[in-house]
Amino acid sequence: MNHQPLSPATSNGTVPLPALDVQNLTVAYEQTVVLHTVSFVIPAGERVALVGPNGAGKSTLLKALVGLIRPTTGSIRVNGHLHTQCNDVAYVPQRAQVDWSFPVNVWDVVMLGRTAHIGLFRSPGRHDRDRVAHSLELVRMTDLARRQIGELSGGQQQRVFIARALAQDACVLLLDEPMTGLDVRAQQEVLHMIDAIHRDGVTVLVATHDLQQAANTRYYERVLLLNQSLIQGGQAHAVLTAEHLTAAYGGHLHRIETEQGILLVHDRH
Amino acid sequence: MDLLNLLLEPLRFDFMLRGLLAAVMVGIVCSVVGTFVVLRGMAFFGDALAHAILPGVALGYLTGGGSSADRSTLFWWALGAAIFSALGIGAITHGGRVKEDSAIGIVFVGMFALGIALISAMRSFAVDLSHFLFGNVLGVSPTDLWHVALGGGLALLTVRIFYRQLVAVAFDETHATTLRLPVTMLNYLLLVLIAVVVVVALQTVGIALVLAMLITPATSASLLVKRLPAMMALAALIGAFSSASGLYLSYYISIASGAAIVLVCVGFFLLVLLVAPERGWLWRVLWRRKPKRAARYNDTVAQINPDSGG
């Protein structure tokens, strides 16, 4: 197992600061090591799929990146700054643990993303309202801005929380399994949304267990393959090789190259 | 006697006027802070905190020389006991090794028992004890009134200053953490706010009934409006109205004032529960049932046949 970092984009000759620079990240709960010396670099503005089997530590990695879990060792830099100093990283959990009868509507929830920007004793200003409106537009929830959060469908709730994360003005967005439990059409909508967010200049890291989607270069520029340690990171065709997949999943996944891209077949029956 | 006379007549007495002012202030402050108690499901905590101030009251009584005139000492001791209990519950729960309701229960009974033990050691206490348990709004002295105004005003100001932060933490603590808000500090701040409010309300409704003032107006408001600032304002209005009308009720039909205030609160809640638009019992029985079934039927059709315009 090697821990090669992703190489930063060098298309225009200069090397911009990476959006995320993670070095030797180790996370342990009590005595159990969940993530082991994970190192990678994500160039600004890319869409990255984070894949790996159940229990690989995908959620743990995202939580460590956003500061919900304190890493045992290692460093996390966001745009060159130690991430403990800024809230440039936004996070949308797989399923937010909130009280759905809370007396707030969609607009209010997205405005909560601005809390750290609005000072004590202050009310939201014009800029805050503009950011909220823009975020709602990106997730296409503008029409439902006055709807109570309890009256939304699961997919809509997910989009509201993505909008809340966007309103935070973060430059890195972490999404934990945003497609889980959604039908194919809703999944496509989320993928379109990720694309719109990415075109807005935000770096997006998406934990997913859909290898087929992760392998699709229309949706993601890079893939990180994780199983407690980072097995490989980089472009899909280099990461999702037979050797790496065996290292991550055991011998149950097979890779077939087709004209449309890579096809991954699971043989566990 | 016309209505104006009915309202003005009791205010001839200074003690009635002071009682009315104290009751209304307590009603407002309790309801505003109580909105957070309701939203965060902390009713048990509020009740526990109210009971946990008993040893503070007893010690305040002792150090105040046993005279009920010196309530100032008592106020500070009670506030100390409340904050000590609130922080104690927070500290026991922090780290997740003890469940919160267990921690609350243990601190609650521990402090209450300590209070009873202290009181039983002082023979002369029996007379005033009922005032602390059930309130004595007509015994509010000018100093008490100042304490209520000061404590209540500080609590309201704190809520105003930290409003957005408190809401962010109440709605989604995980999200607030990712925003790098001082979540632990804000949680303790809310505990201290509840402690202050409980002590402020001690005089009007007493230990045993303060929970009603914390949660009843806020719950009534939550059934009537859909957004938080409106809920808070309406809760304050209901709290103030219940306190004032409860006090008049107690004056005219000669019942305990604390009980009268709480009964008006609860009566109002039951009324709201019955007739509130959309969320009321009557509304659901009479109007909601049919449209809901129709909507479900349409959803099913749309799911089976997505092209049929769903």
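1. **Ground rules.** Residues are numbered from 1 along each chain as its sequence is written, while chains are lettered from A and ligands numbered from 1 in the order in which they are written. Since this is a predicted model, local features need pLDDT of at least 70 and side-chain atom pairs count only at pLDDT 80 or more, whereas totals for chains, interfaces and linings use all residues.

2. **Confidence.** Chain A averages 84 and chain B averages 85. In chain A, 88% of the residues score at least 70; chain B also has 88% at that level. For the complex, the predictor gives an ipTM of 0.84 and a pTM of 0.85.

3. **Where to read with care.** Where pLDDT is low, the predicted coordinates should not be read in detail. Residues 292–310 of chain B stay under 50, and the model has 4 contacts for them beyond four places in sequence. Two residues are in contact here if their C-beta atoms, placed from the backbone, lie within 7 Å. The pLDDT is below 50 over residues 1–12 of chain A, a stretch with 24 contacts in the model beyond near neighbours in sequence.

4. **Two chains, two make-ups.** Helices (H or I, at least four residues) and strands (E, at least two) are DSSP runs, numbered from the N terminus. Chain A has 8 helices and 12 strands, while chain B has 15 helices and 0 strands. A residue is buried if 20 or more other C-beta atoms lie within 10 Å of its own, exposed if 12 or fewer, and partly exposed in between, with C-beta atoms placed from the backbone. Buried residues make up 41% of the 269 in chain A and 44% of the 310 in chain B.

5. **A sheet to trace by eye.** Two strands pair if DSSP finds at least two bridges between them. Strand β1 (residues 20–29) and strand β2 (residues 32–42) of chain A pair over 7 bridges, and 5 bridges join β1(A) to strand β4 (residues 73–78).

6. **Partners within the sheet.** Tyr29(A) stands opposite Thr32(A) in β2(A). On the β4(A) side, Leu20(A) stands opposite Val78(A), and Val22(A) has Ile76(A) as its bridge partner. The hairpin of β1(A) and β2(A) has 2 residues between the strands, and Glu30(A) in the turn has a positive phi of about 50 degrees.

7. Asn24(A) is not a glycine, yet has a positive phi of about 50 degrees; its place is in strand β1 of chain A. Asp169(A), also not a glycine, has a positive phi of about 65 degrees and is found in the loop between α4 (154–167) and β7 (172–176) of chain A.

8. **The core.** A nonpolar core is a set of buried Ala, Val, Leu, Ile, Met, Phe, Trp, Tyr and Cys residues joined through C-beta atoms within 7 Å. The largest one has 171 residues, of which Ala82(B) and Val198(B) touch the most other members. Helix α2 (residues 14–39) of chain B gives the most to this core, with 15 residues. Leaving aside neighbours within four places in sequence, the contacts of Ala82(B) include Leu49(B), Ile53(B), Ala195(B) and Val198(B).

9. **Where the chains meet.** How many residues does each chain bring to the contact? Chain B brings 21 and chain A brings 23. On the side of chain B that touches chain A, α8 (142–161), α9 (163–171), α10 (173–178) and α13 (228–253) each supply at least two residues. By class, this side has 9 nonpolar, 6 polar and 6 charged residues. Ala, Val, Leu, Ile, Met, Phe, Trp, Tyr, Cys and Pro count as nonpolar, Asp, Glu, Lys and Arg as charged, and the others, Gly among them, as polar.

How values were computed. pLDDT = per-residue confidence, 0-100.
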